[in-house]
Amino acid sequence: MRLAALAFMLFLLSFGIGLAIFPKIQPACANSISCKSPLTQKIENGATGIFMGREVPVPTIDTLADTTVPNVLGVNIAEGEKHIYVDLEAQTLYAYQGDTQVMKARVSTGRWGRTPVGNYNIYLKLRATRMSGGSGADYYNLPNVPWTMYYSGDYGLHGAYWHNNFGYTMSHGCVNMRQIDARDLFAWADGPENREKGTPVHICYSFTEPNNCIQHKNL
């Protein structure tokens, strides 16, 4: 009995050390079905959306009207690097240009799938695309997901029209935003250009203004 207890204690100790040394593996996909296809712009006006077992109305995308959308973030700031921070604990997104906050918005991060903590850069911006995944009661199929900014695989910041529960976890790993907030952030944030990376995106367990992003939990 004593040997068995000792062996079990050694197993727990080695398991804890392994967790401390090796970081958690990032989930392969946020959207388990659509991530298997190329991430491309898809505008599907008139399509039907499905979320949590019910049909949801899908917004119409009018790209001509986009030309009249004003750039409202950071217009009076002459310079400064752009950074986006997502506070998972507070379910809040912050956007900074230099030391100036240009946006603070409620968001919804992973409930059915984890939103991986880390430092990334926007590498692809799409006016709209389709996201789908899950199975059974968890199945969803959402066309015209607006103002999508991918920063790691198919993990992205984007507008959400299928719920209005911002400030609480509601996603499969992406960062859901109100459509108007996603629109303004999309206009402000940069994708990669001229060999320069896109705007940095920092996913934090918790965040303290202006730039204290906590990305490690105490064991």
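Reply: Once its neighbours within four places in sequence are set aside, Asn121 is in contact (heavy atoms within 4.5 Å) with Tyr150, Tyr151, Lys197, Gly198, Thr199, Pro200 and Val201. The model is a predicted one, in which local features need pLDDT of at least 70 and side-chain atom pairs count only at pLDDT 80 or more, while totals for chains, interfaces and linings use all residues. Residues are numbered from 1 along each chain as its sequence is written, and side-chain values use heavy atoms, with hydrogens and water left out.

Asn121 belongs to strand β6, residues 118–121 (strands, E, at least two residues, and helices, H or I, at least four, are DSSP runs numbered from the N terminus). With a relative accessible area of 24%, Asn121 is partly exposed, because that term covers values between buried, under 20%, and exposed, over 50%, for a 1.4 Å probe and protein chains only. A polar atom of the Asn121 side chain lies 2.8 Å from the backbone oxygen of Gly198. Although Asn121 and Gly191 are 70 residues apart in sequence, their C-alpha atoms are 8.1 Å apart in space.

Asn121 and Gly191 both line the second largest pocket, together with Gly80, Glu81, Lys82, Asp190, Glu196, Lys197, Gly198, Thr199 and Pro200. A pocket is an open set of points on a 1 Å grid where a 1.4 Å probe fits, with protein on both sides within 12 Å along at least five of seven lines, and lining residues have an atom within 4 Å of a point. This pocket holds about 180 Å³ of space, the volume being that filled by probe spheres set on the points. Its lining is made up of five charged residues, five polar ones and one nonpolar one, where Pro counts as nonpolar, Asp, Glu and Lys as charged, and Gly as polar.

Thr199, another lining residue, sits in the loop between α2 and β11. Thr199 has a relative accessible area of 3%, and is therefore buried. From its side chain, a polar atom lies 2.8 Å from the backbone nitrogen of Asp190. Beyond residues up to four places away in sequence, Thr199 touches Lys82, His83, Ile84, Tyr120, Asn121, Ile122, Trp188, Ala189 and Asp190.

Terms used
A polar contact is a pair of N or O atoms within 3.5 Å; within protein, one must be able to donate a hydrogen and the other to accept it, and residues adjacent in sequence count only if both atoms are side-chain atoms.
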